[in-house]
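Hi,

Here is the structure I promised to pass on. Please open it and keep it beside you as you read my notes below.

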Amino acid sequence: MTRRVVITGIGFYSPIGDNLTDLRSNFEQMKSGVRTMTEWDKANGLNARIAGVVGQDDFSEIPRQYRRTMDRVAMMCALSLKRAVAQSGLSTSAVTSPRTGISFGSAMGGLETLFDYAEDVSHNSGFGRQNATAFLRFMSHTVSANLAVMFGIIGRNIPTSSACTASAQAIGTGYESIKYGMSDVMLVGGGEGLHYVEAGIFDSMGATAIGYNDNPEEASRPFDISRSGLVVSEGSGALVLEEYEHAKARGAVILGEMVGYATGCDGSHITLPSERGMESVMRDALNDARLNSSDIGYINAHATATPKGDIFESIAVHRVFGSTTPISSIKGYTGHMFGGGGAFETIVSLMALNESFLPANKNLVEIDPTCAPLDYIRAHRETPITAVMNNNFAFGGINTSIILKKI
Amino acid sequence: MNHDVFKKVQAIIVEQFEKNPEEITLEKLLVEDLELDSLDMFDLVCALEKEYDFHFQLDKDSSIETVGDIVGKLENHLSK
């Protein structure tokens with residue numbers, strides 16, 4: 001017998017806000033969080049000097065004993081989770097129960113710390129005078145490890161590190177942990193901290209949007225014919241997942257139910273996505289949710305605005321849903337949060353569900369005719385829906401699909 | 001006691017561990033009073049070594065218990 005999984009708390013940081021009111025307002029005004037990065041002037045050879053930035057630099061709310069081993073990514077996730085737990089109303093004893101676990105992820109770990117560490121080792125101090133906390137700030141599982149310590153988690157801790165699906169897989173791991181009885185509560189999510197190295201990596205792969213340094217708000221253009229690549233960004237998302245009866249018994253406010261999840265792999269190419277793999281994971285998630293494609297009222301697309309990725313995704317969606325299910329990618333507003341995208345976009349999907357509000361594709365001026373014919377949302381809609389799907393895809397052909405439903 | 005050395009050690013502890021300067025006196029025990037754990041002690045040594053180009057052997061020198069012990073150790077180093 002499987003168990004029902006509900007969401008009882010959320011928290012996030014994004015380039016377009018850290019609360020639902022600001023998010024909705026920015027969606028309504030089609031306002032972007034992408035800006036020109038004058039801070040990156042020192043980076044030689046970098047073409048795309050734009051990014052989605054979180055306007056949060058004060059993390060002193062986190063006690064020093066925890067903060068000392070956290071890079072920016074872990075700090076954003078820590079405060080996101082603190083808000084999510086507060087909203088859930090879970091007691092300290094419930095959070096520290098062996099039946100409560102955690103799963104958080106990021107693409108890069110603490111990239112800023114790693115970069116500074118490598119630079120110091122190479123050019124200054126060598127290995128003789130490196131402090132003890134650097135590795136703990138940049139290791140690949142730094143977020144989940146640090147958050148577990150800060151929140152006193154003694155249940156399962158499953159860090160995820162799969163680039164753009166890291167936090168989506170964390171959510172999926174939490175969902176399965178509860179559904180199949182290993183945990184009653186799972187604290188899940190992930191994030192990414194901004195660093196120009198990340199921009200440089202994708203820049204040199206030819207994957208970033210070039211030519212928008214002076215008009216950054218127009219750079220990220222999912223499904224648009226003139227899209228030229230992604231915009232790097234940062235952010236975090238945290239959710240409290242809880243077994244339905246556990247939440248009901250303590251009188252928790254239930255924000256929505258997670259009814260479906262699937263993850264799968266293309267097994268074909270390290271960067272080139274496969275519409276077959278994407279299609280498969282969407283169908284598997286629908287089967288897990290015991291829903292038909294017609295039950296889904298909104299699809300939050302992964303669509304990062306790379307030339308090929310958006311096409312493959314649209315074809316996969318068309319095969320599963322046909323042409324009538326409303327779809328948008330919010331990366332036109334935020335850029336690509338990498339490891340944080342899955343969690344943040346799941347929260348946006350939850351907002352769509354609860355507020356009957358479907359955000360539009362920003363910067364979609366002319367739909368790429370190579371993309372499959374879908375109901376691309378051009379202006380936001382206020383439409384009651386009962387279920388949403390959030391998709392994320394990553395290098396390595398890793399695919400995830402999450403389905404949420406009104407309870 | 002070399003006042004400059006004390007001031008420097010005090011400043012490092014204040015900055016590194018977010019303490020108030022008034023808290024940092026020669027008599028203060030690093031672990032019990034200032035609540036520095038093993039990670040903190042390691043990072044303190046790193047900061048001092050960078051500042052003074054000096055090699056602390058903290059694990060082999062159990063006599064370092066207070067702020068004053070650190071100052072004394074550095075004074076010895078500087079007088080050589």
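**The hairpin and its strands**

In this predicted model, strands β13(A) and β14(A) make a hairpin, with 3 residues between them. G396(A) sits in that turn and has a positive phi of about 90°.

The two strands run antiparallel and pair over 8 bridges. To find your place, look for N391(A): its bridge partner in β14(A) is S401(A).

β14(A) has another partner too. Strand β7 of chain A, residues 256–265, pairs with β14(A), also in the antiparallel sense and over 8 bridges.

**The cores**

The largest nonpolar core has 126 residues. C77(A), L147(A), L239(A), L241(A) and A285(A) touch the most other members. Helix α3 of chain A, residues 72–88, gives the most to this core, with 10 residues.

Leaving out residues up to four places away in sequence, L147(A) touches A74(A), C77(A), A78(A), L81(A), I102(A) and F104(A).

Another core, of 13 residues, lies apart from the largest one. Its members include I24(B), C46(B), V67(B) and L74(B).

**Two positive phi values**

Two residues to check are R290(A) and A305(A). R290(A) is not a glycine, yet its phi is positive, near 55°. R290(A) lies in the loop between α11 and β8 of chain A. A305(A) is not a glycine either, and its phi is about 80°. A305(A) is in the loop between β8 and α12 of chain A.

Is each one buried or exposed? R290(A) has 10 other C-beta atoms within 10 Å, so R290(A) is exposed. A305(A) has 29 C-beta neighbours inside 10 Å, so A305(A) counts as buried. The cut-offs are 12 or fewer for exposed and 20 or more for buried.

**Where the chains meet**

The contact takes 7 residues from chain A and 8 residues from chain B. On the chain A side, 1 is nonpolar, 4 are polar and 2 are charged.

Best wishes

Note on methods. Residues are numbered from 1 along each chain as its sequence is written. Chains are lettered from A and ligands numbered from 1 in the order in which they are written. This is a predicted model: local features need pLDDT of at least 70, side-chain atom pairs count only at pLDDT 80 or more; totals for chains, interfaces and linings use all residues. Two residues are in contact if their C-beta atoms, placed from the backbone, lie within 7 Å. Ala, Val, Leu, Ile, Met, Phe, Trp, Tyr, Cys and Pro count as nonpolar, Asp, Glu, Lys and Arg as charged, and the others, Gly among them, as polar. Helices (H or I, at least four residues) and strands (E, at least two) are DSSP runs, numbered from the N terminus. A nonpolar core is a set of buried Ala, Val, Leu, Ile, Met, Phe, Trp, Tyr and Cys residues joined through C-beta atoms within 7 Å. Two strands pair if DSSP finds at least two bridges between them.
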